Amino acid sequence: MPDSRIFISHTGKDRAWAEWARWHLETAGYPTVLDSVDWPAGTNFIQAMDQALHRDNPMLVLLSTAYLDPDRYTTDEWTTRLAQRRKDPDAKLIPMRIDGVNLHGGLWSPIIVPDVFDLPPDTAATVLLDTVRQVLAPAPPGSLSAVPPAYPGSIPAAAGGGPRPPGSLPPVWNLARRNLGFTGRDGMLNRLHDALTAGDRVAVQALHGMGGVGKTQLALEYGHRFAGEYDLIWWIPAEQPDLIGEYFAALARKLQLVPAGTVTPAAVEALRDHLRRARRWLLVFDNAEDRDQLNLWLADGPGHTLITSRDPNWAGVARPMDVDVFSRPESIALLHTHLPQLERAEADRLADALGDLPLAVGQAADLLAETRIPVDTYLAELATHTADLMAEGRPSAGYPTRLAATISLTADRLCAADPAAGQLLYLCARLAPEPIPADLFTSRPDLLPEPLQTAVSRPVAFARTLALLGRYGLARLSDTGPILHRLTQAILRDTDPAHEARREIVEQLLAAARPDDGTDPRWWPRWSVLLPHILAADPATTIDPSLRWIANDAVWHLMARGDYRTALPLAEQLHHAWTRWHGPDDDSTLGIVHTLASIHYQLGHYQQAHDLDQESLNRERRNRGDDHPNTLSSANNLSADLSALGEHERARVLDEDTLARRRRVLGDDHPDTLRSANNVAFDLRTVGEHERARVLDEDTLARRRRVLGDDHPDTLSSAASLAAGLRAMGEYEQARDLDDDTLSRRRRILGDDHPSTLGSANNLASDLRRLREHEQARALAEDTLTRQRRVLGDDHPDTLDTANDLAGDLDALGLHAEASSVRLQFPET
């Protein structure tokens, strides 16, 4: 059935125009579709939009500069309707221009577009309805409210008692000039408007967020954008609550509620009485700090109150709305406003380095526009001298101070108000811009200075200390810990007079938080939390050996999880730095060599792994002797490299010597001894001694199950090794059962895409292949190959082995063309 409702196509910035048009159309009997009214929460936006753009649905297009921005979703709406009209002229399009957007020279040039802005309200409504009636048949009157929304044009208020045109200034008004560079935030402004106009008797909203996110600018833009809905808008600086009464008294005099010279208490009471009875008023309390003190000034009555604050705690006073940093498109849009020639990729890099903080983005745009320095130069300076750079140039439009001054002044106030909170702030500045676990501090209060040490020892006191970081807008508080913006951290680090002492404390806290050596999956979630903070502490340059060791374990954790591509550059960076600063024989240097070689081995770079492990073994033997555990670890790793390079006899000799030494030095059940046993079993299978290998595998598996548990990655490696031996001995069903169990456990513990899991899947496919279950083997090999290509890459030895096996399965099933295609795709198979 054709849909005769008029779909009102508009951009979020023009919400007031859309609601104005809807009221007049519905009152005149024309049903409409307006997303903000007709699509409740939970609506499938894509489906609703598809239905609204159906060719039988008339479309009213509210053309504006924002609407024709090519990056907005509205581009899809109007281009779809124009394309429909090329095929069918009856596809109904009703365009109207609502600001001075230039329509010449583009697709809109040949189309007649009436203007409805800068007209008297009655004239604008007449133009709207006359234009619609030229396209659609007259409609019977509708039944909306008798009070229309204000006209969004920019002409003076109409005389008499009719609705005042929004967009023009209310009769009583003291807002600052509109920030012409204001960009984005359309969705947040519309949500704010919805919240304030939801029908509550007293609507109070609190915009809260860290310094520099644009709370004040958002409130200012709201006042200008929706000015037509109010007869009174009054801005009240609320940082000093004692002065609020003076602003109330000034408003009372402006409204002629009291004569000049009336004492403040009497003027305030007169204003309160007026606001209880008046409608269509908006009070803005900017930069409020104390919830309880401000609550004394909130007015009763059917008007709206908007609060801006760094403090997120407004329970019982106002509904909070969190103002976060820009989205990336909003950052890029602001940069392009000042720097239209800036390439999108450069704008993206700049926004990323600035953490999308609105004040920082605006300040950078202003400085770049003034100086014309290259983006790369700016970014290099930002990385090394953040505080200096954020103190450069003029403040961003609409902000009273530069970012560096804003942060430094606020931090000084926090330190004066609560020294423990100040100490915590500067320690957090040395960590990552990620949630900081509170137990990093509470687990080792002895490492902290006073008075923070005392505060941390008392849970309630520490919770209040954390809350202060949020109250002062220097951190965001999450369920998992405080989060500081990266620029806030950089400025605090650059200006911290006690930076060396605080660095030492942070390094000690991180080292004390080490969960394990990075191999046990039970601790992997904890490592994921700690890793960004360990890296933020800059382990490449630390003189603290304990931080270097936890950094090495953190990289090993990445490798153990199968994230080789992330682990490799980190290990290479640390290896280069530690070799340079501490020498090749330093314990931490040798430790990262061990880790780096293991990563290369897992990536199939066997020669690189061999060279590193051989160098490590030589140094360990020279420095520690043949039987030291570190020497034996290097020997164990080197034997694996030799085996992978085809030097099986050398590998076997080295493995057997290492196993004998480890049994003597560490004992039969030590995890390192069991790793050597696992390697020797592999060597024995390689030279055809399957029975000896099986006996050793069974013994190693039993010991690992007892010592490490059934699900430990090393235990599962032994299970896979034993299954490989069973398969080699022709015991395919036993091998299949063991491989099937190992695969299930690895999927549960390590995940479907972990390289070890994929190795188990490949092993199970081998069992199925030998049991002539080629279709099942093929399905498993295809899935494994897809995952290995994504995780390991096309050239990894494991990927090539799986491709070769899959081609064999296809041949066995008579699918020779498909098998040839796989071999062509992977010629090394």
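Predicted model: local features only at pLDDT ≥ 70, side-chain atom pairs only at ≥ 80, totals over all residues.
Residues are numbered from 1 along each chain as its sequence is written, and side-chain values use heavy atoms, with hydrogens and water left out. Helices (H or I, at least four residues) and strands (E, at least two) are DSSP runs, numbered from the N terminus.

**The four-stranded sheet**
- Four strands line up as S2-S1-S3-S4 in an open sheet with parallel pairing; two strands count as paired if DSSP finds at least two bridges between them.
- S2 (32-33) and S4 (93-97) are at the edges with a single partner strand each, so one side of each has no neighbour in the sheet.
- S1 (residues 6-9) pairs with S2 in the parallel sense through two bridges, and Ile 6 sits opposite Thr 32 in S2.
- Helix H5 (residues 121-135) lies across S1, S3 (59-63) and S4, at about 160° to S4; angles run from 0 to 180 degrees between N-to-C directions, with axes fitted as lines to C-alpha atoms, for helices over the stretch in contact, and contact means heavy atoms within 4.5 Å.

**Helix H1**
- Among the buried ones are Trp 17, Trp 20 and Trp 23.
- Gly 29 follows H1 and has a positive phi, near 95°.

**The six-stranded sheet**
- Here six strands run S5-S7-S8-S9-S6-S10 in an open sheet, again with parallel pairing.
- S5 (172-173) and S10 (319-322) are its edge strands, each pairing on one side only.
- S7 (residues 232-237) and S8 (residues 281-288) run parallel and are joined by six bridges; Ile 233 has Leu 282 as its bridge partner in S8.
- Helix H8 (residues 244-254) packs on this sheet, touching S5, S7 and S8, and its direction makes about 155° with that of S7.

**Cysteines**
- There are zero disulfides, taking a disulfide as a pair of cysteine sulfur atoms within 2.5 Å.
- The sulfur of Cys 428 is 12 Å from the closest cysteine sulfur, in Cys 415, too far for a bond.
- Cys 415 is partly exposed, at 26% relative accessible area, whereas Cys 428 is buried, at 0%.

Notes
Buried < 20%, exposed > 50% of the residue type's maximum accessible area, 1.4 Å probe, protein only.
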